[in-house]
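Student: I have a chain to look at. Can you show me how to read its features, one at a time?

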Amino acid sequence: MLLSKDLLKPVLIATCIALPAGYWVMNKWLQNFAYKTDLSWWIFMLAALITVGIALITVGIKAIKQAIANRLRV
């Protein structure tokens with residue numbers, strides 16, 4: 001839990017910076033097409049959730065590997 005908490009802070013900060021920047025870039029890029037489409041908020045929320053999920057899975061796998069290694073060492 002402590003590892004997850006420490007890792008999620010930078011991930012959430014990076015996500016908060018990337019979401020508005022990504023929206024702005026995608027909006028500018030999509031304006032150049034003949035057929036217009038709107039960007040939905042759920043696309044960016046899904047990207048944020050996937051990012052946090054990958055970070056939590058990575059920390060979980062590393063923690064389990066370390067716990068197994070410590071158990072075998074004792």
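**Reading the chain**

Tutor: Begin with the surface. The chain exposes about 6,500 Å², and carbon and sulfur atoms supply 73% of it. Keep in mind that this is a predicted model.

Student: How many helices and strands does the chain have?

Tutor: Secondary structure is read as runs of residues. Here there are 2 helices and 0 strands.

Student: Why is the chain said to be more spread out than a compact globule?

Tutor: Compare the radius of gyration with the value from the globule rule. For 74 residues the rule gives 11 Å. The chain has 18 Å, well over that, so it is more spread out than a compact globule.

Student: What share of the residues is buried?

Tutor: Burial is read from relative accessible area, and under 20% counts as buried. Buried residues make up 14% of the 74 in this chain.

Student: Now the rings. How many aromatic pairs are there?

Tutor: The ring-centre rule gives 2 aromatic pairs. Take Y23 and F44. Their ring centres are 5.8 Å apart and their planes stand at 65 degrees. An angle over 60 counts as edge-to-face, so this pair is edge-to-face.

Student: Which parts of the chain does the pair of Y23 and F44 link?

Tutor: Look up each partner's element. Y23 sits in helix α1, residues 2-30, and F44 in helix α2, residues 41-73. The two are 21 residues apart, and the pair links distant parts of the chain.

Student: Is F44 buried or exposed?

Tutor: Apply the cut-off again. F44 is at 16% relative accessibility, so it counts as buried. Y23 has 40%, so Y23 is partly exposed.

Student: And the other pair: what is the geometry of W29 and F33?

Tutor: Read distance, then angle. The centres of W29 and F33 are 5.1 Å apart, with 90 degrees between the planes, which is edge-to-face. W29 is partly exposed at 46%. F33 is partly exposed too, at 39%.

Student: Which residues is T15 in contact with, leaving aside its neighbours within four places in sequence?

Tutor: Setting those neighbours aside shows what the fold brings together. T15 is in contact with A48 and T51. T15 itself lies in helix α1. Its relative accessible area is 13%, so T15 is buried.

Student: Where is L12, and how accessible is it?

Tutor: L12 is in helix α1. At 44% relative accessibility, L12 counts as partly exposed.

Note on methods
Residues numbered from 1 in each chain as written. Predicted model: local features only at pLDDT ≥ 70, side-chain atom pairs only at ≥ 80, totals over all residues. Heavy atoms only, no water. Helix = DSSP H or I, 4+ residues; strand = E, 2+ residues; numbered from the N terminus. Rg over C-alpha atoms; globule rule 2.2 N^0.38 Å. Buried < 20%, exposed > 50% of the residue type's maximum accessible area, 1.4 Å probe, protein only. Areas by Shrake-Rupley, 256 points an atom, 1.4 Å probe, with all protein chains shown as cover. Phe/Tyr/Trp six-rings, centres within 6.5 Å; stacked < 30°, edge-to-face > 60°. Contact = heavy atoms within 4.5 Å.
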